[in-house]
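Subject: Handover of a structure

Dear colleague,

Please find the structure below, together with its sequence. The findings follow it, and I would be grateful if you read them with the model open.

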Amino acid sequence: MMAQWELVLDEVAADQAMLALWAKYVKKNPYAEGIELPECCQTAKAILSPLDF
């Protein structure tokens, strides 16, 4: 599973159910306004890539 973490993050970023959950999260947490789930996944990939999982 860890070898596929990049693919998993890509799937999460495009998954309609996850995007809907993110929208609910943003409504409840105004500090997340303007931050998109795909952006979070890309940031996670940028942070994790150099760690060479």
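Read along the sequence, the chain follows the pattern α-α-α. It holds three helices and zero strands, where helices (H or I, at least four residues) and strands (E, at least two) are DSSP runs, numbered from the N terminus.

Please note that this is a predicted model, in which local features need pLDDT of at least 70 and side-chain atom pairs count only at pLDDT 80 or more, while totals for chains, interfaces and linings use all residues. Residues are numbered from 1 along each chain as its sequence is written, and side-chain values use heavy atoms, with hydrogens and water left out.

Overall dimensions and surface

The C-alpha trace of the chain spans about 35 × 20 × 10 Å along its principal axes. Of the 53 residues in the chain, 19% are buried; here buried means under 20% relative accessible area, exposed means over 50%, and partly exposed lies in between (1.4 Å probe, protein chains only). The chain exposes about 4,200 Å², and carbon and sulfur atoms supply 63% of that area. Accessible areas come from the Shrake-Rupley method with a 1.4 Å probe, and for residues only the protein chains shown count as cover.

Among contacts in the chain with a separation of 6 or more, 53% are accounted for by residues 24 or more positions apart; a contact means heavy atoms within 4.5 Å.

As to charge, the chain has 4 positive and 8 negative side chains, and the centres of the two sets lie 14 Å apart. Lys and Arg count as positive and Asp and Glu as negative, whereas His and the chain ends are not counted. The place of a charge is taken as NZ of Lys, CZ of Arg, CG of Asp or CD of Glu.

Cysteines

A search of the whole structure finds zero disulfides, a disulfide being a pair of cysteine sulfur atoms within 2.5 Å. Cysteine 40 is partly exposed, at 29% relative accessible area, whereas cysteine 41 counts as buried, at 6%.

Aromatic residues

The count comes to two aromatic pairs. Tyrosine 25 and tyrosine 31 have ring centres 6.4 Å apart and planes at 85°, so this pair is edge-to-face. The rule pairs rings of Phe, Tyr and Trp (its six-membered ring) if their centres lie within 6.5 Å; planes under 30 degrees apart count as stacked, over 60 as edge-to-face and the rest as tilted. Ring pairs link Trp22, Tyr25 and Tyr31 into a cluster.

Tyrosine 31 lies in the loop between α2 (16-28) and α3. From alanine 17, tyrosine 31 is 14 residues away in sequence and 21 Å away in space, C-alpha to C-alpha.

Helix α3 and the segment after it

Lysine 45, in helix α3, is buried, with a relative accessible area of 14%. Which residues does lysine 45 contact, leaving aside its neighbours within four places in sequence? They are Trp5, Glu6, Leu9 and Asp10.

The segment after α3 (37-48) contains aspartate 52, and proline 50 also has its place there. Aspartate 52 counts as exposed at 67% relative accessibility, and proline 50 counts as exposed at 65%. For proline 50 and leucine 9, which are 41 residues apart along the chain, the C-alpha separation is 16 Å.

Yours sincerely
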